[in-house]
Amino acid sequence: MIAKFFQKGVSRRKFLGTTASAAGLGLVGSTLPKRAFAADKTVKVGFLAPLTGPVAAWGKPGLDGCEIWAEWVNDAGGLEIGGETYAVEFVGYDNEYDPAKARAGATKLIREDGVKFIMMLGGDTWAGVERVADQTGMLFSTLLPSDLGPETTTLIAPAEVHPVYNVTGVEWMAEQHPDLKTAVICAQDDALGLPSVATYLAAFEAAGIEMQQEPLLFDPATTDFAPVVTKLISDNPDIVCLDTCYADYVHPIVEQLFQQGYEGQIISCTADFYDQMVEKTSKEFMEGFIFQFPDFDDPELNKDFINFKDPNKFFEVYNERHPGEWGAVSWEYASIMDLWAAAAQKAGSVEPDAVLEAMTADGSGKHAFGDADWWGEDLFGIDHALVGNWPVVRIEDGKARIMAYKSIPEWYDKHGELLKKHMADFGQMWNQRG
Amino acid sequence: MIELLAQTGLNALYAAAYMSLVAVGLVLIFGVMGVINFAHGELFMMGAYTVVALYTDFQMPYVLVVGLAVMFVGALGIFMEWSMFRPLRDNPLGGLVASIGFLMILQAAVSMGFGVRMEHVPPVTQEVIEFSDRVRLPVQRLVVILAAVVLLAALWAFLKKTRFGWALRASAQDREAAALQGISIRQTAQIAMFIGAGLAGVAGALTAPLISVNPHMGHSVIIAAFIVIIVGGIGSLEGAVIAAVIYAFVHTFVTTFYDGVVADIVGLSLMLLVLVVKPTGLFGTADRA
């Protein structure tokens, strides 16, 4: 019970509020009406991601988003699949971004909970799960297509093509600011950081931007970023790139850039909780900060080609329930569920092989940011990444705004060889990963 | 290049300051009680979370909150002494194992109460002292440096000039002989735990606006602190301070001129080198080590 409570990541407000109201609820609980479900069956979906620890910001908000997704689906009567109606239930497991715990979690979710699909963050944790996927044939999803390889036949990357979409931010920045000619980059030395470094290096090279230093890799245990920032800005670069640093690193690095007097362009994969960075620095300092993940109240998300259902309402409900916790992954796992639900309905089955077949059969799918293609054999060894357009986001007057949607395949058609070269240099091609 | 060296020196001073506070507290507890307190990093974390709770959430004055953090974390130290270390005094590994359990309890309690994600601590001040365009010292970092100097000087005076300080030193040198002289071992243990934990707490509270505050933030701090006390000599307060300065400067300069991963390797190599050349550490003595 305690473990379950812990896994769900209780917030301070929830903890205090729940404690205060528990007695009252106990008194009246028996008189409350039971919630009625139209569904006659339940399909369980596993959520195997870091819910605690330094990478929790890319797990826990996703589960919170999924709970909203499930509530909307279930309140609407559930999913009609193969003539039966299913309610959807998420079963969370905190892998703490640890491969061994991810393996234990996958086994538990499949054997004990009977899930039909497992969503993961991926990265270091996929290595722990890969054998379980091979043995069981379970359908898994990852946010990191760098997990893909020719042998990962039941792994899909349907939400984001990390880190390849980072090229769109660099491409847009170079178009808008041709005066920016030099860059530096830092990243944590891990499975998230390295492929992203390779991608940014390719994007900078494609844009004619010169790297002033070798990429600065730091230990994920780093707490004081002053030395890192001192080195980064020692040659006065036009651009500081924060790669795919975790939020726990992006914030202190940005604060240090501010305190050490940096005045150039900052580009990053994510800027989770950017309002806190604005508070720690200033609106003026953060003006023009480029990253890749929009707030879902952005009017640009109401365009016809957007496939995510009612993004503005989703953002509103999410923020009501989890104020101040909106992050890069809050919507992503929910968008994967849209794809999964559509495929299950098309297949008339919740079984993993049938859903995968239905999802990828015609080579295209409805990605959150528009129709996209199953892609990736050239880069990942398998066409299991759903790739299309991706937004470029910039902070303007303290608020994230979508500046443009840029095509990832179009960039790759022009500069794919560069990306493969840098990926190979960092040992990140599918045939180099151990 | 001179500006880069100067800025790196200032960065190293800050790192040495907070690392000294943590390491000296750890050494004090070991010296008086003979316990390796694995929960020391979590006491650092509790100091930071006191700031989150009282300064961020309740908007109390920061200076007052730092003082309260010292008292609160110091009181936690007394609780640890009373509930774990005293009953397990005769068990050589008991205190160590109990402290590992306690660190997990603290992490779980903070995770449940505050959530698992990084906490935002608003800046206390955004003032920066500018020596030049590329040499700058944020005032919050200066406060950490000055506070460490003042607190460590006060601790030195306490240990050298007061009766309680003499009692602590006597207990650290020979517990049984100190008891025969009428010194209360229980009282000195409580004082040592209060001061040792309080130093970790004040380090956490002072650095909270500068770092990512999360339930697992104690891990990296305790690893660095162990390296420092091994290099300095387990049981030596002077050694802990000097080793903290050496470690901070080496780690910071290597990070700046090479990278952070190499800096970690160099830091551990430094510890191994000291262990090979002088197994008791730079200032350790054979009987305590």
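Reply: Domain bounds, as used here, come from an automatic or database domain assignment. For chain A, that assignment gives domain 1 (2-7 + 38-162 + 310-387) and domain 2 (166-295 + 389-425). This is a predicted model, in which local features need pLDDT of at least 70 and side-chain atom pairs count only at pLDDT 80 or more, while totals for chains, interfaces and linings use all residues. Residues are numbered from 1 along each chain as its sequence is written, and chains are lettered from A, with ligands numbered from 1, in the order in which they are written.

The centres of domain 1 and domain 2 of chain A, taken over C-alpha atoms, are separated by 27 Å. Across the boundary, 19 residues of domain 1 of chain A are in contact with 22 residues of domain 2 of chain A, where contact means that the C-beta atoms of two residues, placed from the backbone, lie within 7 Å. On the side of domain 1 of chain A that touches domain 2 of chain A, the elements giving two or more residues are β14 (370-375) and α15 (377-380) of chain A; helices (H or I, at least four residues) and strands (E, at least two) are DSSP runs, numbered from the N terminus. By class, this side of domain 1 of chain A has twelve nonpolar, five polar and two charged residues, with Ala, Val, Leu, Ile, Met, Phe, Trp, Tyr, Cys and Pro counted as nonpolar, Asp, Glu, Lys and Arg as charged, and the others, Gly among them, as polar.

Next comes a sheet of chain A. Its six strands form an open sheet in the order β2-β3-β1-β4-β5-β6 (chain A), with mixed pairing, and two strands pair if DSSP finds at least two bridges between them. Because β2 (79-81) and β6 of chain A stand at the edges with a single partner strand each, one side of each is left without a neighbour in the sheet. The pairing of β2(A) with β3(A) is antiparallel and runs over three bridges, and A:Glu80 stands opposite A:Thr85 in β3(A). Helix α3 (residues 60-75) of chain A lies across β1 (41-49), β2 and β3 of chain A, at about 165° to β3(A). Also packed on the sheet is α4(A), which touches β1, β3 and β4 (117-120) of chain A and makes about 175° with the direction of β1(A); axes are lines fitted to C-alpha atoms, for helices over the stretch in contact, and angles run from 0 to 180 degrees between N-to-C directions.

Some loops of chain A deserve a separate look. In the loop between β3 (84-94) and α4 (99-111) of chain A is A:Glu96, a residue other than glycine whose phi is positive, near 55°. A:Glu96 counts as buried because it has 21 C-beta neighbours inside 10 Å, the cut-offs being 20 or more other C-beta atoms within 10 Å of its own for buried, 12 or fewer for exposed, and in between for partly exposed, with C-beta atoms placed from the backbone. A:Asp243, found in the loop between β10 (239-241) and α9 (247-259) of chain A, has a positive phi of about 55° although it is not a glycine. With 28 C-beta neighbours inside 10 Å, A:Asp243 counts as buried. In the loop between β6 (155-156) and α6 (166-176) of chain A lies A:Pro163, and the peptide bond from A:His162 to A:Pro163 is cis, with omega near 0°.
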